[in-house]
Amino acid sequence: EAQSASNALYNALASAVCTTDLTGQDLGGLTLTPGVYCFSTSAQLTGTLTLDGLGNPNSHFIFQIGSTLTTASASSVNLLNGAGGCSVFWQIGSSATFGAGTTFVGDVLAQASITMVTGSSLSGRAVALTGAVTLDNSTVAVPPNTSADWNNYGVGWPGTLGVPTLQLDGAPVLGSVRQLIVGNSRGSMTFSCLLWGADAAVIPT
């Protein structure tokens with residue numbers, strides 16, 4: 001079921017109409033507004049990519065990459081003006097490799113494998129359709145909705161002021177979707193989270 005849903009999302013992203021062709025350009029140093037960006041072959045991020053939501057919390061960014069996505073060490077994706085990690089999608093024709101210390105954002109769906117080198121982090125989901133998701137002292141975390149102000153979440157409420165509790169609805173199982181319950185004594189929010197690899201996944205504890 002998880003693989004079927006992942007394939008469906010991958011195909012939907014691949015079929016989106018490209019609005020800007022960035023083939024041959026490094027994503028580093030660019031500031032992009034909502035849209036569908038495509039690379040006919042590989043894509044590279046060296047430095048910082050800025051995504052500007054233009055004040056619209058419902059803005060979306062889709063990146064269609066024909067072959068590989070590679071980031072240099074210490075590269076990053078910066079969100080501005082309402083852009084949210086839940087609205088950034090990367091559809092990759094083969095594999096993605098995140099360099100050491102990279103701070104990345106968005107749902108990454110790769111046809112083959114995803115490799116996260118030491119110290120890299122992803123705020124989003126990592127999905128490898130036919131290969132492995134490999135993490136080497138790296139982290140993957142599902143971002144909250146942009147409408148949730150976590151700095152004020154719980155202020156004035158009993159319990160953890162401004163720091164929500166996090167709980168999965170079950171033990172992590174390769175190839176499954178779990179619910180991440182975020183809450184405190186006054187309520188909770190629930191997000192679906194997925195970390196899936198067809199071959200294997202190394203998940204830090």
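Tutor: In this predicted model, Ser-87 has a relative accessible area of 11% and is therefore buried, since that value falls under the 20% cut-off. Ser-87 sits in the loop that runs between strand S8 (76-80) and strand S9 (88-92). Once its neighbours within four places in sequence are set aside, Ser-87 is in contact with Pro-57, Ser-59, His-60 and Phe-61. One of these residues, Ser-59, also takes part in a polar contact, in which its backbone oxygen is reached by the side chain of Ser-87 at 3.4 Å.

Turning to the cysteines, Cys-86 has a relative accessibility of 24% and so counts as partly exposed. A search across the whole structure finds one disulfide, and the residues that it joins are Cys-18 and Cys-38, with an S to S distance of 2.0 Å. This pair links distant parts of the chain, 20 residues apart, with Cys-18 in the loop between helix H1 (2-14) and strand S1 (20-21) and Cys-38 in strand S3 (residues 35-39). The torsion about the S-S bond of Cys-18 and Cys-38 is about -70°, and the disulfide is therefore left-handed.

Key: Residues numbered from 1 in each chain as written. Predicted model: local features only at pLDDT ≥ 70, side-chain atom pairs only at ≥ 80, totals over all residues. Heavy atoms only, no water. Helix = DSSP H or I, 4+ residues; strand = E, 2+ residues; numbered from the N terminus. Buried < 20%, exposed > 50% of the residue type's maximum accessible area, 1.4 Å probe, protein only. Polar contact = N/O pair within 3.5 Å; in protein donor to acceptor, adjacent residues only side chain to side chain. Contact = heavy atoms within 4.5 Å. Disulfide = S-S within 2.5 Å.
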